Amino acid sequence: MAGELERMVRPRDGRWIGGVCLGIARRFGWKPGLVRLAFVVSCALPGPQVLIYLLLWLIMPDERRVARP
């Protein structure tokens with residue numbers, strides 16, 4: 001579990017569109033459904049939420065490409 005908390009990656013299993021919300025949820029120990037719900041609700045507010053999601057999708061490494069020690 002400590003290894004999961006050290007870095008934020010997009011998981012291989014259980015992800016929906018890009019795995020960003022699931023990666024954030026695992027990194028901070030939150031429930032993935034709540035993070036996804038918070039993102040969807042935040043899209044009703046003005047702001048760059050979708051752009052931030054796309055940026056995180058590009059920046060966050062895929063779990064398959066991260067070397068595990």
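Predicted model: local features only at pLDDT ≥ 70, side-chain atom pairs only at ≥ 80, totals over all residues.
Trainee: Is R64 exposed or partly exposed?
Mentor: Exposed requires over 50% relative accessible area, and buried means under 20%. R64 has 49% relative accessibility, so R64 counts as partly exposed.

Trainee: Which residues is R64 in contact with, leaving aside its neighbours within four places in sequence?
Mentor: R12 is 52 residues apart from R64, yet their C-alpha atoms are separated by 6.7 Å. Contact means heavy atoms within 4.5 Å. With the sequence neighbours left aside, the contacts of R64 are R12 and R15.

Trainee: Is L51 buried or exposed?
Mentor: L51 sits in helix α4. The cut-off for exposed is over 50%. L51 reaches 61% relative accessibility, so it counts as exposed.

Trainee: Which helices are included in what covers the buried residues of α2?
Mentor: Helix α2 covers residues 20-28. Its buried residues are V20, C21, L22, G23, I24 and A25. Their cover includes α3 (32-42) and α4.

Trainee: Which residue follows α2, and what is its phi?
Mentor: Helix α2 ends at residue 28. Next comes G29. The phi of G29 is positive, near 75°.

Conventions. Residues numbered from 1 in each chain as written. Heavy atoms only, no water. Helix = DSSP H or I, 4+ residues; strand = E, 2+ residues; numbered from the N terminus. Buried < 20%, exposed > 50% of the residue type's maximum accessible area, 1.4 Å probe, protein only.
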